Amino acid sequence: MKDIIDNLVARFQQIGVERIFGLPIYNDALNVEAVEFQSCDGGLIGVLITPWFMNIMLLPEDTSPWQTQELGVKVKYKLDSGEHEFVIGEDEEVGRYLFRTVTSPTHCYKKQIAAINSGKKALSALLAPPEKEKEEIPANSQQVEFTSNTPEEKHNSGRREFLRNIVPS
């Protein structure tokens with residue numbers, strides 16, 4: 001895994017020097033860096049920060065499903081967290097990969113650590129398990145709504161409702 005990530009970083013450093021440096025999209029405050037790459041569903045997933053983009057990169061072991069598709073085509077990829085849309089990319093040295101843009105260009109980041117933190121948050125959000133839907137009340141159960149009758153009960157009920165909205169449960 002480390003060799004694959006090291007090669008990815010080295011290749012995009014080379015692209016930066018040879019093709020992107022000096023262009024208006026290049027952010028001198030950032031360096032090429034791989035952030036939190038991990039094994040994921042038959043490949044590697046993580047964030048690639050460059051001075052011109054930040055992408056979530058998916059480096060699948062088996063790229064054969066996309067070999068016949070054009071570069072730039074959007075495809076669905078199933079992760080444990082659900083199905084997500086990625087774009088097919090390719091580099092002559094890296095090979096085929098899938099990516100999702102987090103930020104492009106990257107001028108909103110004045111420091112590398114800000115880009116790293118943003119990338120970590122984006123990756124964490126993508127990999128987070130889907131929220132469980134609220135439990136549905138069975139159709140045969142009875143729903144009872146409690147109402148207050150006295151002014152004091154109404155006052156206390158309003159206070160409870162107010163506190164429920166500001167105090168996390």
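**Close-up views: cysteines and pockets**

**View 1. The cysteines.** The count of disulfides (pairs of cysteine sulfur atoms within 2.5 Å) comes to zero. This is a predicted model, where local features need pLDDT of at least 70 and side-chain atom pairs count only at pLDDT 80 or more, while totals for chains, interfaces and linings use all residues. Residues are numbered from 1 along each chain as its sequence is written, and side-chain values use heavy atoms, with hydrogens and water left out. Cys 40 counts as buried because its relative accessibility is 10%, whereas Cys 108, at 53%, counts as exposed; buried means under 20% relative accessible area and exposed over 50%, with a 1.4 Å probe and protein chains only.

**View 2. The largest pocket.** Here you can look into a volume of about 250 Å³. A pocket is an open set of points on a 1 Å grid over the protein atoms alone, where a 1.4 Å probe fits, with protein on both sides within 12 Å along at least five of seven lines; lining residues have an atom within 4 Å of a point. Among the lining residues are Ile 4, Leu 8, Leu 59, Glu 93 and Arg 96. α1 (2-20), β2 (43-49) and β3 (54-60) each give two or more residues to this lining, and α1 gives the most, with three.

**View 3. The second largest pocket.** About 190 Å³ of space lies in this one. Its lining includes Phe 12, Ile 15, Arg 19, Met 57 and Tyr 97. Two or more residues come from each of α1, β3, β5 (82-91) and β6 (95-103), and the largest share, three residues, is from α1.

Definitions and conventions:
Points joined across faces, edges and corners; volume = space filled by probe spheres on them. Helix = DSSP H or I, 4+ residues; strand = E, 2+ residues; numbered from the N terminus.
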